[in-house]
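Here's a quick briefing on one chain of a model and how it meets its neighbour. Have a look at the structure first, then read on.

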Amino acid sequence: MQARLPSLEEAVRGVWPLLSLAVILVVLVALCSLGPVVLQRVATDALIKLVMVVGLYVFVGNSGVLSFGHASFMMLGGYGAAWLDVPVRYKSILMDELPAFLGKAEFHPGLAALAAMGWAGAFAFLIGIPLMRLSGIGAAIGTFSWLTIVFVVHAGWEEMTGGTSSFNGLPIYVDLWVALIAALFVMLVAYVFQTSKLGLALRASREDEAAARAIGVNVWRARIASFVVSAMLVALGGVLQGHFLGTVNVTQFYIGITFITIAMLVIGGTGSLAGAVIGTVVVSVIAELLRQLENGVDIGALTLAAPAGLRELGLAGAMMLILIFRPAGLTGGRELPFPAFLGAALGLRPR
Amino acid sequence: MLRRVGAIALAAAVAAGGGFGQAAADDDTVVVGAAIALSGFVAPYDDPHKGAILAIEDVNAQGGVLGKQIEFVTADTKSDPAQGANAAIEVLEQGAELVLVTCDFDFGSPAAITAQSRGKIAFSLCAGDPKFGVQGIGDLAFSMGIGTPAEGAIMAEWAHAQGWRKPFIFKDTQVEYTKKLADYFQARWEDGLGTVAGHDTFNGQTDTSAAGQITRIKESDADFIAFTGAAGVGGAPIIKQIRAAGIDIPIIGGVAVDGVYWLDAVPNLSEFYNVNYSSLHGDDPIDAVQDFWARYAERFGPPIVGFSVTGYAIIEAWTRAVERAGTFDAKAVALELEKFVKEPLLSGDTTYTPEWHINFDTPLMVTQVQNGVRSGIGRFAASKVPPVDF
């Protein structure tokens, strides 16, 4: 067989699922950047969630195995980066029992973020060796147990983490644009992974594990690879969260974030990158609209305010409705379709 | 599908943009904001913001501060620390010169860090962890709370004065405050007051039962329990279980078990004591405090926690510091606050220093619960406060 360059059509169709999502995201973020600071922060928060959800998708979406343990990698990322880039003047007072190579040193936040991703990835590799042999409910409980272990160790190891107390002093460098770049980067990695040989093999095993094995796919190896990539991306989410708020706390990376990120992925549709992105955007928008409603909306001279707690109730109700009417999520596990008008404009023949 | 989602998101973004059209302060007003829990399980601990509202009404009636009327704005953190940072931005965007934050280091930090990073003063309603200040947040962060070393010392010294000798220290590990309160109680007790009969832990946010720990209390020869839990966050059921197990020795707790809102959960509770900033039961010996509670009841209905006076005290402290500095500039106001030496405020005489932005020598009111009814006993100060250990 002779190698050949892909045709224009193939190239456009190939990057379309990523390109379309990226364009939508950039447009949305650009609109938000024109709004008030509060809206920009809400959008930044949503982008950080997007990093986490897309990271989670790289494993859950491609392998079809549910993980309740990914918040552990946010924790490893958040604390890992904090150890490296919190200024010495904070560490010397609040964390005076840190080993000297951390306590007396201060690294560039970018370097700290990379190291934190590596730190989480290393743990994902080690824990993945036994866990990736499991699937179904076993994997779900196994990963949840791992989350519990990471939580208890971080909450209990006072010398290293300050225990359940907040670890303050993280340099605040995450704004809307930093979060957007991170989100686009994570989407790119996710897309490259899912279209790679390893990703396609893993997706084959998702559809039919026995058949995938029969054609020579090493399911275990493919799952470990996706678990490590996924953990590193999710860890980046933890790093961003910490450097957005200026503080990390163990309860930030436990049950609450586990369920909201899984809910976002399931609502969008676990099977596609579009599902991860659209699920995050839709849930974030609904949550923010309900929050605004709680704060009160001015209609003429009248202020309509919903009772406190509406956000949680409304969000849960909306999720339930979406799942009842679209059990496979909003996207049904498909990427965004290539629109016919664009094909015509580029002179491509319709499929 | 895509178009629909896009349209919804766009509409949402536009709607959200429209929601924040409030104008910032004009020339005649200055904005004080509160980024606190108005809903969720931390909300009872942020009740002091109502004290701030009363104080602001007083200041405005007397002509305001530096000739400006104070406008009070709030934003709900929903008891979520991460949402706290957004809430702080929300009030800062409305021009807040002072940001009141949640009555706890862990829950109040994100909002306080945000205010500090924007060069504004963050005042915690009543955080007790000494990290709330220069060391843990920054030079513009203050707390109207009493530091846990002093709170633990007052609990220990008052218990000792009652003739109680063998404490069982029951430590709640849920937040830094509840943990450190137990540690400082123990440090003060073991510094010449006696030995400890036993200790154990629970987590108020996750443990629903304390059967094992309660057996250990029974097996010890303790004659009282030092309890560091928070009544509203898992503490009340544990207290109920202690009493249901037939343990009727006195229990002494900190500020977090104050209030009347949880007493129905433990019917006929007796021999229960805790420290606090005031007594809301009509028996506080300080007239100004009595007046405060009468006005509070008139304005907001029956009071729920005795520490709501701290909110009033924050406004007193801040307006005085602003008047002395002659400006709203946060750095100048912080320097004036650092000069406070036994400054008489509604929550007690308050001292700040460049190192400590939290009180250590304010006396606290001891209140008791007997047969399910609360009453005040009297104010008590510690003669010796253990050194701060982060």
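**Chain B at a glance**

Buried residues make up 56% of the 390 residues in chain B (buried means 20 or more other C-beta atoms within 10 Å of the residue's own, exposed means 12 or fewer, partly exposed is in between, and C-beta atoms are placed from the backbone). Keep in mind that this is a predicted model, where local features need pLDDT of at least 70, side-chain atom pairs count only at pLDDT 80 or more, and totals for chains, interfaces and linings use all residues. Residues are numbered from 1 along each chain as its sequence is written, while chains are lettered from A and ligands numbered from 1 in the order in which they are written.

**Overall build**

- Chain B has eleven helices and 14 strands (DSSP runs numbered from the N terminus: H or I of at least four residues for helices, E of at least two for strands).
- The radius of gyration of chain B is 21 Å, which agrees with the value near 21 Å for a compact globule of 390 residues (taken over C-alpha atoms; the rule is 2.2 Å times the number of residues to the power 0.38).
- Along the principal axes, the C-alpha atoms of chain B fill a box of roughly 65 × 60 × 40 Å.
- Of the contacts in chain B with a separation of 6 or more, 70% link residues 24 or more positions apart (a contact means C-beta atoms, placed from the backbone, within 7 Å).

**The seven-stranded sheet**

- Seven strands of chain B form an open sheet with mixed pairing, in the order β7-β6-β8-β9-β10-β13-β14 (strands pair if DSSP finds at least two bridges between them).
- At the edges sit β7 (198–202) and β14 (373–380) of chain B, each pairing on one side only.
- From one strand to the next, the twist averages 20° (axes are lines fitted to C-alpha atoms, for helices over the stretch in contact, with angles from 0 to 180 degrees between N-to-C directions).
- Strands β8 (224–227) and β9 (251–253) of chain B pair in the parallel sense over three bridges, and B:A226 has B:I252 as its bridge partner in β9(B).
- Helix α6 (176–190) of chain B packs on the sheet, touching β6 (167–172) and β8 of chain B, at about 160° to β6(B).
- Helix α7 (211–219) of chain B also packs there, touching β6, β7 and β8 of chain B, at about 170° to β7(B).

**Where chain B meets chain A**

- The contact takes 37 residues from chain B and 35 residues from chain A.
- On the chain B side, α1 (2–18), α3 (81–93) and α4 (105–117) each give two or more residues, with the largest share, ten residues, coming from α1(B).

How values were computed:
Two residues are in contact if their C-beta atoms, placed from the backbone, lie within 7 Å.
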